[in-house]
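This briefing goes through one protein chain by topic. The sequence and structure come first.

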Amino acid sequence: MAGSGVRKDKKEAAKRYLRSAELGYTASMNTCGELYYNGFGVKTSANTALEFWEKGASLGNIDCLTTLGCWYRDGVVLGGRHSKPVDFTRALGYMERAMKLVLASLSPALVNVFRSSEGRTEAILSDTSIINTYSLACHHLARMYESGRGVTINHEKAVSIYVIGAALGDAMCQFAMGNALVRGRGTRLDPEAADAWFAKVVVHSGCPEPLRNMAMVARAQLAPHLAQKSRHDRAR
């Protein structure tokens, strides 16, 4: 699609993805959904996009499940070119299924390490696309529990999901963890651990600039408290 090393040809690229989807590759089903939703190389069709995403979701593709969850949660997806009625029950169902697949792919021991890492665990998965898939699934489900959109607000559950996405390297989840720890919301009050998560956001290579700036401000606000604590600890 990007035309790296070859002439860009959206229609030809679309044909290849469609063929791959026909052969049963769920990642291509997700891509075909995006192609039809946005009209890249094919005629725009939200219904056809939905068919591809639903097919991929039925076969356990996490990206398809997350995309459908966002669509039913917000009524729009991928920039909002098409809309559909909000259905929080269906949104939660898709996102919970995505999260179950994420947890099933990670060992219980690794999940426990993530949840007790206090901002020190680094992502250990080498496949960037897998990390992105997993962390986005975490972010969107955690946001539902944090905001109470379609579910009862549950900050503890939100944090238990955010920390997995954060440990996998998602900047939005890392920032959310910093916020939770600095406020003691859904977890303990721990400014030092909060600062560790904010620090990761600041140096994150793929972090949107507005989010990076917010993390820098958060660290600046924490700095006097952490300096005072450090002086106190040294005086002991």
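Is L50 buried or exposed? L50 is buried, with a relative accessible area of 13%, where buried means under 20% relative accessible area, exposed over 50% and partly exposed in between, with a 1.4 Å probe and protein chains only.

The model is predicted, so local features need pLDDT of at least 70 and side-chain atom pairs count only at pLDDT 80 or more, while totals for chains, interfaces and linings use all residues. Residues are numbered from 1 along each chain as its sequence is written, and side-chain values use heavy atoms, with hydrogens and water left out.

**Overall make-up**

- The chain has 11 helices and zero strands; helices (H or I, at least four residues) and strands (E, at least two) are DSSP runs, numbered from the N terminus.
- Read from the N terminus, the order of elements is α-α-α-α-α-α-α-α-α-α-α.
- Of the 236 residues in the chain, 44% are buried.
- The accessible surface of the chain is about 12400 Å², and carbon and sulfur atoms account for 53% of that surface; accessible areas come from the Shrake-Rupley method with a 1.4 Å probe, and for residues only the protein chains shown count as cover.
- Among contacts (heavy atoms within 4.5 Å) between residues at least 6 apart in sequence, 53% join residues at least 24 apart.

**Helices α3 and α5**

- The axes of α3 (residues 46–58) and α5 (residues 88–105) come within 11 Å and cross at roughly 45°; axes are lines fitted to C-alpha atoms, for helices over the stretch in contact, and angles run from 0 to 180 degrees between N-to-C directions.
- This angle makes α3 oblique to α5, given that angles under 35 degrees count as roughly parallel, over 145 as roughly antiparallel, 65 to 115 as roughly perpendicular and the rest as oblique.
- The crossing of α3 with α5 is left-handed, a term for a near helix turned anticlockwise from the far one by less than a right angle, with clockwise giving right-handed.
- On the α3 side the contact involves E54, A57 and S58, and on the α5 side R90, Y94 and R97.
- By class, the contact of α3 with α5 has two nonpolar, one polar and three charged residues; Ala, Val, Leu, Ile, Met, Phe, Trp, Tyr, Cys and Pro count as nonpolar, Asp, Glu, Lys and Arg as charged, and the others, Gly among them, as polar.

**Helices α8 and α9**

- Helix α8 (residues 155–167) and helix α9 (residues 171–183) have axes that come within 8 Å and cross at roughly 135°.
- That angle makes α8 oblique to α9, and their crossing is left-handed.
- V159, Y162, V163, G165 and A166 of α8 meet C173, Q174, A176, M177 and A180 of α9.
- This contact has eight nonpolar, two polar and no charged residues.

**Helices α2 and α4**

- The axes of α2 (residues 26–38) and α4 (residues 62–74) come within 9 Å, crossing at roughly 35°.
- From α2, T26, M29, N30 and Y37 meet D63, C64, T67 and W71 of α4.
- The classes in this contact are four nonpolar, three polar and one charged.

- L50 lies in helix α3, and beyond its neighbours within four places in sequence L50 is in contact with L68, W71, Y72 and K84.
- A13 is in helix α1 (residues 10–22) and counts as buried at 12% relative accessibility.
- A13 and V42 are 29 residues apart in sequence, with 10.0 Å from C-alpha to C-alpha.
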